[in-house]
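Subject: A structure for you to look at

Hi,

Here is the structure I promised to pass on. Have it open while you read, and I'll go through what turned up.

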Amino acid sequence: MYAILDIETTGGKYNEEGITEIAIYKYDGHEVVDQFISLINPEREIQPFVVNLTGINSNMLRNAPKFYEVAKRIVEITNDCIIVAHNAKFDYRILQTEFRRLGFEYERKSLCTVELSKYLIPDLPSYSLGKLVRSLGIPVTDRHRASGDALATVKLFKLLLSKDSEKKIIQESVRQNPKHQLEPRHLDILSQLPSITGVYYIHNTDGEIIYIGKSNNIKKRINQHFTGTNPKSKKIQSKVYTVTYEATGSELVALLKESEEIKRVKPILNRQLRRSIFTHALYSFKDENGYINLKIDIADGRKKPITTFTNRQSGKSFLTKAVEDYSLCQKLAGLYNTKSSCFNYEIKACEGACIQKESPESYNKRVMALIDKNSYTNKNMVIIDRGRDVDERSAILIENGVFKGLGFFNLNYQINNIEVLESIITPMQNNRDTQHIIQSYIRKNKRLKIITL
């Protein structure tokens, strides 16, 4: 990844210059994937010859951000990038000077398009940006402004990459940005893992479980842990001794097992997952006219929700679709704040419960159908999902709206006979998290087989 940039400065004595404008284009070797362009208040005078050259004067910069206000963005957009500039030595020195004034050591690898051009396109009369791009037929606008010059440098660099038949630029880039190399012990661990759905357990040298996770592809997920650069991945890489796993076949079984095991074992690197995995819930109440109203609200352990969501937006999206599927009233679903009729009534998509045109009995039937579909309160049922082998299925048992546990079966009679079913079920804890996991999974997997007992 490359950060192709251009900087305009105040001019002045060496290492006393300030930046007046910066443009950075993040380039992946094929296209620009991000950009940052800004005037900057240098908090010092601009030399007259620079004003004449760039057209940037002190009045233009009076309300521009100071360097410290954009420093974080510059660090972020150039992170893990090679700095590319026309006369990179100058631009890179200016950036380092500004960061040093903030007490920050800014270090990046750099490539200079002047030097690359001399190597790949030799014997040209001039390698100044303006004359070079003109001789190569590269269009340039806003000459001597950061954005125009940086964009011209992007086009020039793209041309240089295509001319680099020996791929020296790419090879240099790869050397300067080495991909994370797996350690031999990590490779040994990966070689023992399958590409299946299940729960995995990461152990340290004492055999202690330090992290529990679930994945639809255990091998791939562990590889991501071993090559990741975030703090959690780095801790796993340094502490891991071995990885064990339990095949589940079903993602739902894996989610339920992961949740229960994290609560039971409390691994040191799973701290963030010990908190509740949902924040909002769908509640219902009857208004003074006898209509059942729906409301997405912050999850409250003292109330009984219809179903739960990981965030408010997820709940709102669900309710918006439910209004459409069940012909419900936007106003009574808490999606349209009005004292009169809802918008859907105006376009004849609501039957008028919002203004008491439809009877409560008629309207509430459809609301109850929605509630019944998305809540397993007081229900006796078995959710059938994939098993660990082709001829096996998993069963998740719910009795009177309470999650009892899960198991695996091969023969159909095992789930039709309640006594046999209970004998194959491994008991598990019923809590708000398991309810959320099951309800979310049912919502997302419409073809799931559910048997009512």
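Before anything else, one term: two strands count as paired if DSSP finds at least two bridges between them. Keep in mind, too, that this is a predicted model.

Let's begin with strand β6, residues 198-203. How many bridges join β6 to strand β7? There are 6, and the two strands run antiparallel. You'll find β7 at residues 209-215. Together β6 and β7 make a hairpin, with 5 residues between the strands. In that turn, G207 has a positive phi of about 85°.

β6 has another partner, strand β8 (residues 242-247). That pairing is also antiparallel, over 6 bridges. V199 turns up again here: its bridge partner in β8 is E246.

Is β6 buried or exposed? A residue is called buried when its relative accessible area is under 20%. By that cut-off 6 of the 6 residues of β6 are buried, so the strand is largely enclosed by the rest of the structure. Both faces are covered: G198, Y200 and I202 are buried on one side, and V199, Y201 and H203 on the other.

For context, an unreviewed UniProt entry lists residues 195-271 as "domain: GIY-YIG". Over that stretch the chain is 44% helix and 25% strand, and its end C-alpha atoms lie 26 Å apart.

Now move along to helix α13, residues 312-325.

Which residues of α13 are buried? They are G315, F318, L319, A322 and V323. Viewed down the helix axis, these buried residues fall within an arc of 140°, so they line one face of α13. The spacing makes sense if you remember that an α-helix has 3.6 residues a turn, so residues three or four places apart point the same way. On the face turned away from the buried side you'll see the exposed residues Q313 and E324.

What do the buried residues of α13 pack against? Their neighbours include strands β9 (280-286) and β10 (292-298), as well as helices α15 (360-374) and α18 (432-444).

Finally, check the ends of α13. N311 caps the N-terminal end, with a side-chain oxygen 3.3 Å from the backbone nitrogen of Q313. After the helix comes S327, whose phi is positive, near 50°.

Methods:
Residues numbered from 1 in each chain as written. Predicted model: local features only at pLDDT ≥ 70, side-chain atom pairs only at ≥ 80, totals over all residues. Heavy atoms only, no water. Buried < 20%, exposed > 50% of the residue type's maximum accessible area, 1.4 Å probe, protein only. Helix = DSSP H or I, 4+ residues; strand = E, 2+ residues; numbered from the N terminus. Expected span 1.5 Å × (residues − 1). Arc of directions from axis to C-beta. Contact = heavy atoms within 4.5 Å. Polar contact = N/O pair within 3.5 Å; in protein donor to acceptor, adjacent residues only side chain to side chain. UniProt positions renumbered as here; feature names shortened; annotations may be inferred.
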